[in-house]
Amino acid sequence: MAHANLSHRRTHNLLLISKLLNQRDHASPLTLVLDTLEQPAKPLLREYLRRARLSRTTTILLAFETFVKPRDVDFFLECHDSTKVLDTVARKVSEVMRKSGNKRCLILIDSLATLVSMSTSPTSNLNLTAFLSSLLQPPPQAGQAEQGQTPQISVVAVYHTDIPLPAPSASPGSAYPYSPSPFALLSYLATTIITVHSLYVLYSETLAQAKSRVAPVFGLGEEIEGVVIGLKPKGVAVKPEEQGIVLELEHRRKSGRGVLEWIFLPTAVDRHQSGAQAVREIATLLDDHPLFRKSKEEETPEQALSGMTFELGLTDRQRLEREGVVLPYFDAQKAGGGEGGRILYDMGVEDDFDEEEDEI
Amino acid sequence: MPSSIPAPLAAYIADCLTPDSQTLVTSVLSTPAPWLCLRLLYAGLYGVEDSARHTEQTGHEVIFVSLLRPLSLWTEMGKKMGLDLPSLLKSRRVRYIDGLAGGTTSSTMSTGSATAESDPQQLPTTRLKSMALKDIRDALDGVLKTPSISTPSTGSSATPLSSSTSTTGSARGGALTPRIPTAAATRSFSPAAGRPTIYIDGIDFLLASQPAISTVELQSFLATLRSKCHALMLACQADSPLLHSSSTTSPDAGTPLERNHAHFITSLAHSTRWLFQLRGLDTGSANDISGVIRVSRGGDDSIEFGPNEGQDKNHVQDLVDAEWLYQLKGDGSVRVWARGE
C-alpha cells in the first residue's frame, strides 16, 4: 500500500520536510532531534544552518558540547559551565535577538543532556518546560510592542537517546515521583520529532529482514563489554552523492493529524554552490534511495502470486473476451433507465401471470 | 622504521592532536589502557611520524593527571618506549598531577631541578590535597597559570636535556631512539602553541570515589578545562556493569554508580572526536593477542561542523572507523594488525 501512493507522498511529504528544514511559515516552533552515538545529529544541524543562512534567518547556537564555532552560526553562546548557564542564557538569547533585529530566528541546542539531567536533580531548580518556553517567547520588548509584531522563533533541540539519566543526587524518588521523565515531557511538547538513523545500520537491518534474520544491533545495544560505538559494515558500496543520513520524521499538524515519513538527507553536498542550485531541495524519500528502492516486479500482484500451484491471472485473450461480454440490463438501462423505479420485465413462456400474487 | 606508535593508529592519533579536540580512551578490566595513553602522550610531545602536517603543531607542553595509577608505572612503561618521563618532568615539558599522593597537604612544585637528579621521589609533581573536585580544579588551575617553558633560558636548556634523553634511550631500545633528538632539535616553542595538552587518566574514578560529585558538575568541569587547553584526552573504564545495566532495564533500575557512570561515558562519547575502545577478544583469551582496539568517530565532528572544513576535509574523509587486534610484547612494544593479516 505504501508503494501505491508513492507519488502522493513524494509531493506532499517532500514539501513538508523542505518547509520544516527551512523553517518556513513557522512550521514547527519546537523540533526535537533524537540521535544516538551510531548516527549523531550534527549533519542535520549543519543542514539547518546552511538553509538558515540562505533564508537570512538569524541563528543562535547554545553550545553545550560544541567547542568550535560552526561556520554558519551567527551567534555562538557557550553553555559549557552549566552552573552559570541557567540564569544567564535566556537573557543572553533575548539580548542577541534584540541586537540582530531580525524577525526570523532559529535557536539550536546541540545537546539537551545537561539540561535534562539538571531538571531531574532537585537542587538545580530547573523547569525544562519553562526554560524552553522562555526561549520561544522572550519577554516583549518596548520596540516590538509598538510595532505590534513578535519575532518568529524556532527551537531545534538535540536529545541523545542513548544517554541514560543520572541517578538523582538526593534520595531516590524524592524529587518529583509523579512527574514524567524528561524525555516523555519533551516528546509531548515537540511539534516535530526527527529521529536520525545511520544509513548503514538501516541497510543492514533491511538486508537481515529480507533473509528473515534477526536484525543486527550496533554499539551500546550489542552489550559487548567495552564497546561504546559499533563498527559499521564496510561492504556497502554507495556513491558519494548517495551517502547521507536517514531522518524518521514525525510532524504534528495544527489540526492534530500526525505525518510520518522516512526521509533521506544527503550529506556530501557541495556547500559552496550558490543561487538556484543551493535552494533546490536535496532531501528525498528513503524509498527513492538506491539501497532501499523496491523493484517494480516485487510490488505487482502477478509477482506476489507467482508461487501458487494454480493460475489466478488471465491471459490476454481471456481478458479481451471478458471485456467483450455484455452484462444483462445494460441495454435495458439505455432504453428506459431514466424513468424512475419502473420494473422492466419481459414475460417469458414459463411465466404464469397471476394478478393477485404479483400485486404487492 | 619501527616507531613507538603503531602505524595503523598513527593517522588517528595525529588527528586527535588538532586544536579543541577531545579524545576518549575506554578500556575494560582485562585490557588496561596505559600503553595507549603513553603513546598519545608521546605523540603530543613529539608528533606522529610520517605526518608532515602535524610537525608544526608539536611542542605542546603536557599536563598529565593520573588519578588511578602511580608515577612509577608510567615512568617504567615510558622508558620502554623511549619516553623519558623523569627528564621531561624536570624540564617541565610534562607536568604531572599525582592523584595517589593525596592526603599530604604539601603541594610541592619544586622548581629546582638541581635537587631532583635521579631520585624519582623528588620529581617536580603536583599533589592533590584531596580527590574533591574543587581541589583538582585548583591544582589544574595552578598548573595552568604557572609560566610554561617558553622562556628563552629554559629553551636553551632543553637542548642538552634532549640529548640526555637520547643517550638514555639509545642505551635501552635501539631503533626508535634517533628520532627523539631530531624532533626535539627542530622543535621551536612558538607562542601560538601556548595552550597545553591535558591527559587525565581515570577521571571516572572521581564519580565512584566521590559521591558528592554530580555528573553535571564533573562534565562542566571537563568542558571548562577543554576550552582552556589545546586538546583533552581522557581515559575511562567501559566494563559491562558500568555501561549497560542502566540502559537496558527500566529507568529507575541500577545503582547510582552504574547509572552515573553510564551517563558520564555516553555523554563524553557524544562530545568526543575519536574514541579508542579497548576490549578483550570476543572468543576468549589467546596467547598472542592482548586484545582488540576499535577506533570510532564520536559525536563531535567539529572538523566538518566547524569553520576549517575546507582545508581538512580531504584529510578527514579517509579516516574511517576501524578495528584491529593488538599485542603488547615484553619489551614494551606493541603490534597492531587487522584481522587476517
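Predicted model: local features only at pLDDT ≥ 70, side-chain atom pairs only at ≥ 80, totals over all residues.
Local features need pLDDT of at least 70 and side-chain atom pairs count only at pLDDT 80 or more, while totals for chains, interfaces and linings use all residues. Residues are numbered from 1 along each chain as its sequence is written, and chains are lettered from A in the order in which they are written.

**View 1. The two chains.**
Chain A holds 14 helices and nine strands. Chain B holds 14 helices and 10 strands. Helices (H or I, at least four residues) and strands (E, at least two) are DSSP runs, numbered from the N terminus. Buried residues make up 32% of the 360 residues in chain A. In chain B, 45% of the 341 residues count as buried. A residue is buried if 20 or more other C-beta atoms lie within 10 Å of its own, exposed if 12 or fewer, and partly exposed in between, with C-beta atoms placed from the backbone. Two residues are in contact if their C-beta atoms, placed from the backbone, lie within 7 Å. Among contacts in chain A with a separation of 6 or more, 67% join residues 24 or more positions apart. For chain B, the corresponding share is 73%.

**View 2. The contact between chain A and chain B.**
Chain A gives 40 residues to the contact, and chain B gives 47 residues. On the side of chain A that touches chain B, the elements giving two or more residues are H2, helix H3 (82–100) and helix H4 (113–120) of chain A. H4(A) gives the most, with four residues. By class, this side of chain A has 18 nonpolar, 12 polar and 10 charged residues. Ala, Val, Leu, Ile, Met, Phe, Trp, Tyr, Cys and Pro count as nonpolar, Asp, Glu, Lys and Arg as charged, and the others, Gly among them, as polar.

**View 3. H4(A) against H9(B).**
H4(A) packs with helix H9 (residues 215–228) of chain B at an angle of about 150 degrees, and their axes are 10 Å apart. Therefore H4(A) is roughly antiparallel to H9(B). Axes are lines fitted to C-alpha atoms, for helices over the stretch in contact, and angles run from 0 to 180 degrees between N-to-C directions. Angles under 35 degrees count as roughly parallel, over 145 as roughly antiparallel, 65 to 115 as roughly perpendicular and the rest as oblique. H4(A) passes H9(B) in a left-handed crossing. A crossing is left-handed if the near helix is turned anticlockwise from the far one by less than a right angle, and right-handed if clockwise. Thr114(A), Ser117(A) and Met118(A) of H4(A) make the contact with Thr215(B), Val216(B) and Gln219(B) of H9(B). The classes are two nonpolar, four polar and no charged residues.

**View 4. Leu37(A), a loop residue.**
Leu37(A) sits in the loop between strand E1 (30–35) and helix H2 (42–54) of chain A. Leu37(A) counts as buried because it has 25 C-beta neighbours inside 10 Å. Leaving out residues up to four places away in sequence, Leu37(A) touches residues including Asp162(A), Leu220(A) and Ile229(A). From chain B, Leu37(A) touches Thr266(B), Ala269(B), His270(B) and Gly299(B).

**View 5. H2(B) across H3(B).**
The axes of helix H2 (residues 34–46) and helix H3 (residues 71–80) of chain B come within 10 Å and cross at roughly 70 degrees. So H2(B) is roughly perpendicular to H3(B). The crossing of H2(B) past H3(B) is right-handed. Pro34(B), Trp35(B) and Leu38(B) in H2(B) meet Leu73(B), Trp74(B), Met77(B) and Gly78(B) in H3(B). This contact has six nonpolar, one polar and no charged residues.

**View 6. The buried side of H3(B).**
Leu71(B), Trp74(B) and Gly78(B) are the buried residues of H3(B). They lie on the same side of H3(B) because they cover an arc of only 60 degrees around the axis. The arc is that of the directions from the helix axis to the C-beta atoms. Their cover includes H2, strand E2 (62–66) and helix H4 (85–90) of chain B. Gly82(B) follows H3(B), with a positive phi near 85 degrees.

**View 7. Two loop residues with positive phi.**
Most residues other than glycine have a negative phi. Gln23(A) has a positive phi, near 55 degrees. Gln23(A) is in the loop between helix H1 (6–22) and E1 of chain A. With 23 other C-beta atoms within 10 Å, Gln23(A) is buried. Asp20(B) also has a positive phi, near 60 degrees. Asp20(B) is in the loop between helix H1 (7–16) and strand E1 (21–27) of chain B. Asp20(B) is partly exposed, with 18 other C-beta atoms within 10 Å.
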